[in-house]
Amino acid sequence: MSQAIGLSDMKVIVFQLKEKEYAIPVSQVRAIEKVLHITRVPNAVHYVKGVINLRGVVTPIIDLRARFNLDEEYSDGTRIIIVSLDDLEVGLVVDAANDVIDIPSENIEPQPGVVGTDEADFITGVAKLEKRLLILIDLEKILIPDKVVDRHGDDN
């Protein structure tokens, strides 16, 4: 029964945006870095902040606050989570990277029927852990823009 990924415990990295906690599978995370100098890229969509040179590899950077249409603020705790999906490697700017935890499969519920929030397009489910609610993120929809409808018009 635990042969399928969805039926076993899920190990995730927990990160924060504003007061909410989000999670992505550890298997998709390559590294967590302090914010480095980001080189702007002309004509990029509003949530792509630019690129960084990370150990000789040019890596695009997406600000998740901008992607979710939240106010953009950087602090000393701001981090870049380097994630990988298939052959695509991208950095995600988050307020803080908090924990690595195991979530029992029975604590994971499907995406709630909430509509009208920008993050709703990017949620795969919600995990309930004692007094915490973790929002599980769908990296494919965040990284591949044509998987979701852009509500902010054409940036070209």
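Reader: Is Val 93 buried or exposed, and what is its relative accessible area?
Author: This is a predicted model, in which local features need pLDDT of at least 70 and side-chain atom pairs count only at pLDDT 80 or more, whereas totals for chains, interfaces and linings use all residues. Residues are numbered from 1 along each chain as its sequence is written, and side-chain values use heavy atoms, with hydrogens and water left out. A residue is called buried under 20% relative accessible area, exposed over 50% and partly exposed in between, with a 1.4 Å probe and protein chains only. Val 93 is therefore buried, since its relative accessible area is 2%.

Reader: In which strand does Val 93 have its place, and which residues does it touch?
Author: Helices (H or I, at least four residues) and strands (E, at least two) are DSSP runs numbered from the N terminus, and the place of Val 93 is in strand S7. A contact means heavy atoms within 4.5 Å. Leaving aside residues up to four places away in sequence, Val 93 touches Leu 17, Ile 61, Ile 62, Asp 63, Leu 64, Arg 65, Tyr 74, Thr 78, Arg 79 and Ile 80.

Reader: How many Å apart in space are Val 93 and Lys 34?
Author: Val 93 and Lys 34 are 59 residues apart in sequence. From C-alpha to C-alpha, the distance in space between Val 93 and Lys 34 is 9.5 Å.

Reader: Five strands form an open sheet with mixed pairing; in what order do they stand, and by how many degrees are neighbouring strands turned on average?
Author: Two strands pair if DSSP finds at least two bridges between them, and this open sheet of five strands, with mixed pairing, runs in the order S3-S6-S7-S5-S4. Strand S3 (29–34) and strand S4 (48–54) stand at the edges with a single partner strand each, so one side of each is left without a neighbour in the sheet. With direction ignored, neighbouring strands of this sheet are turned against each other on average by 30 degrees. Axes here are lines fitted to C-alpha atoms, for helices over the stretch in contact, and angles run from 0 to 180 degrees between N-to-C directions; the order is thus S3-S6-S7-S5-S4 and the average is 30 degrees.

Reader: Which residues does Thr 59 touch?
Author: Thr 59 is found in strand S5 (residues 57–63), and Thr 59 counts as buried because its relative accessibility is 1%. Not counting residues up to four places away in sequence, Thr 59 touches Gly 50, Val 51, Ile 52, Leu 54, Ile 82, Glu 89, Val 90 and Gly 91.

Reader: Six strands form an open sheet; which strands stand at its edges?
Author: The pairing in this open sheet of six strands is mixed, and the order is S8-S1-S2-S11-S10-S9. A strand at the edge has a single partner strand, so one side of it is left without a neighbour in the sheet, and this holds for strand S8 (96–103) and strand S9 (108–110).

Reader: In S11, which residues are the bridge partners of Ala 23 and Glu 21?
Author: Strand S2 (residues 20–25) and strand S11 (residues 132–137) pair in the parallel sense over three bridges. In S11, the partner of Ala 23 is Leu 136, and the partner of Glu 21 is Leu 134.

Reader: In the hairpin of S1 and S2, what phi does Lys 18 take?
Author: Strand S1 (residues 10–17) and S2 pair in the antiparallel sense over six bridges, and the partner of Ile 13 in S2 is Ile 24. Two residues lie between the strands of this hairpin, where Lys 18 takes a positive phi near 55 degrees.

Reader: How many residues apart in sequence are the parts that Arg 132 and Glu 21 tie together?
Author: A salt bridge is a side-chain nitrogen of Lys or Arg within 4 Å of a carboxyl oxygen of Asp or Glu, and a search of the whole structure finds six. The side chains of Arg 132 and Glu 21 meet in one of these, at 2.9 Å from N to O. Because Arg 132 lies in strand S11 and Glu 21 in strand S2, the pair ties together parts whose separation in sequence is 111 residues.

Reader: Which residues do salt bridges that share partners join into one network?
Author: Asp 99 forms a salt bridge with Arg 132, the closest N and O atoms being 2.7 Å apart. The pair links distant parts of the chain, with Asp 99 in strand S8 and Arg 132 in strand S11, 33 residues apart. Through shared partners, the salt bridges make one network of Glu 21, Asp 99 and Arg 132.

Reader: Are Arg 65 and Asp 95 buried or exposed?
Author: The side chains of Arg 65 and Asp 95 meet in a salt bridge of 2.7 Å, N to O. Arg 65 lies in helix H1 (residues 64–67) and Asp 95 in the loop between strand S7 (88–94) and S8, so the pair ties together parts that are 30 residues apart in sequence. Arg 65 and Asp 95 are both buried.
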